[in-house]
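Me: I would like to learn how to read the features of a model such as this one, starting with charged pairs and then moving on to the fold, the core and the surface. Could you take me through them in turn?

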Amino acid sequence: MAIIGVYEARTKFSELLDRVARGRGFVITRRGVPVAVIEPVAPQRRRKVEEVIEEIKKFRKKHRLNGLDIKELIKRNECEAGICIGCLCNRSLGSGRRKESLSRKDLGCSW
């Protein structure tokens, strides 16, 4: 691996990246002390769409909601976080109050 100073690496960064992309690695030094290594990443295999879909189907077979309704789960999480979107969408807030400052009680949330 070639050794290069931080100043040179900074001023020629684009050129340095081009050389790394072609397979060259570099050790970057600050005042002669190695502080970083820049090297090419291992090439990643591009997966086929069909392969990803098959993986998702396998995941779905192993993971079930066991009768829970996804909309209900989302609403429950929003309410527990104090951001009851369902209530905000269904109620008129009036009086110029900001939505973010309202609590679940203010909105009449049942969760």
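Predicted model: local features only at pLDDT ≥ 70, side-chain atom pairs only at ≥ 80, totals over all residues.

Me: Where is Arg 45 found, and with which residue does Arg 45 form a salt bridge?

Reply: Arg 45 is found in the loop between strand S3 (33–38) and helix H3, and its salt-bridge partner is Glu 51, the closest N and O atoms being 2.8 Å apart. The side chains of Arg 45 and Glu 51 are also joined by a polar contact of 2.8 Å. Because exposed means over 50% relative accessible area, Arg 45 is classed as exposed at 59%, whereas Glu 51, at 30%, counts as partly exposed. Another of the salt bridges joins the side chains of Arg 47 and Glu 55, at 3.0 Å from N to O; here Arg 47 is partly exposed with a relative accessible area of 40%, and Glu 55 is partly exposed at 42%.

Me: How many helices and strands does the chain have, and what pattern does the chain follow along the sequence?

Reply: The secondary structure comes to 6 helices and 3 strands, and, read along the sequence, these elements follow the pattern β-α-α-β-β-α-α-α-α. For contacts between residues at least 6 apart in sequence, 28% join residues at least 24 apart.

Me: Which residues make up the largest nonpolar core?

Reply: A core is read by asking which buried nonpolar residues are joined through their side chains. The largest one here has 8 residues, namely Ala 2, Ile 4, Ala 9, Leu 16, Val 20, Phe 26, Ile 28 and Ile 38. Strand S1 (2–5), helix H2 (13–21) and strand S2 (26–30) each supply at least two residues of this core. Taking Ala 2 as an example, this residue of strand S1 is buried because its relative accessible area is 18%, and, leaving aside residues up to four places away in sequence, Ala 2 touches Arg 24, Gly 25, Phe 26 and Val 27. With the same exclusion, the contacts of Ile 28 include Ile 4, Ala 9, Val 33 and Ile 38.

Me: Is Thr 29 buried or exposed?

Reply: Thr 29, which lies in strand S2, is buried, with a relative accessible area of 12%. Beyond residues up to four places away in sequence, Thr 29 touches Ile 3, Ile 4, Gly 5, Val 6, Pro 34 and Val 35.

Me: Which residues make the nonpolar surface patch?

Reply: Leu 65, Leu 68, Ile 70 and Ile 74 make a nonpolar surface patch of about 350 Å². Leu 68 lies in the loop between helix H3 (49–62) and helix H4 (70–80), and counts as partly exposed because its relative accessibility is 45%.

Note on methods
Residues numbered from 1 in each chain as written. Heavy atoms only, no water. Patch = residues over 30% accessible without salt bridge, like charges linked within 9 Å, V, L, I, M, F, W, Y side chains within 5 Å. Areas by Shrake-Rupley, 256 points an atom, 1.4 Å probe, with all protein chains shown as cover. Salt bridge = Lys/Arg side-chain N within 4 Å of Asp/Glu carboxyl O. Helix = DSSP H or I, 4+ residues; strand = E, 2+ residues; numbered from the N terminus. Buried < 20%, exposed > 50% of the residue type's maximum accessible area, 1.4 Å probe, protein only. Core = buried A, V, L, I, M, F, W, Y, C linked by side-chain atoms within 4.5 Å. Contact = heavy atoms within 4.5 Å. Polar contact = N/O pair within 3.5 Å; in protein donor to acceptor, adjacent residues only side chain to side chain.
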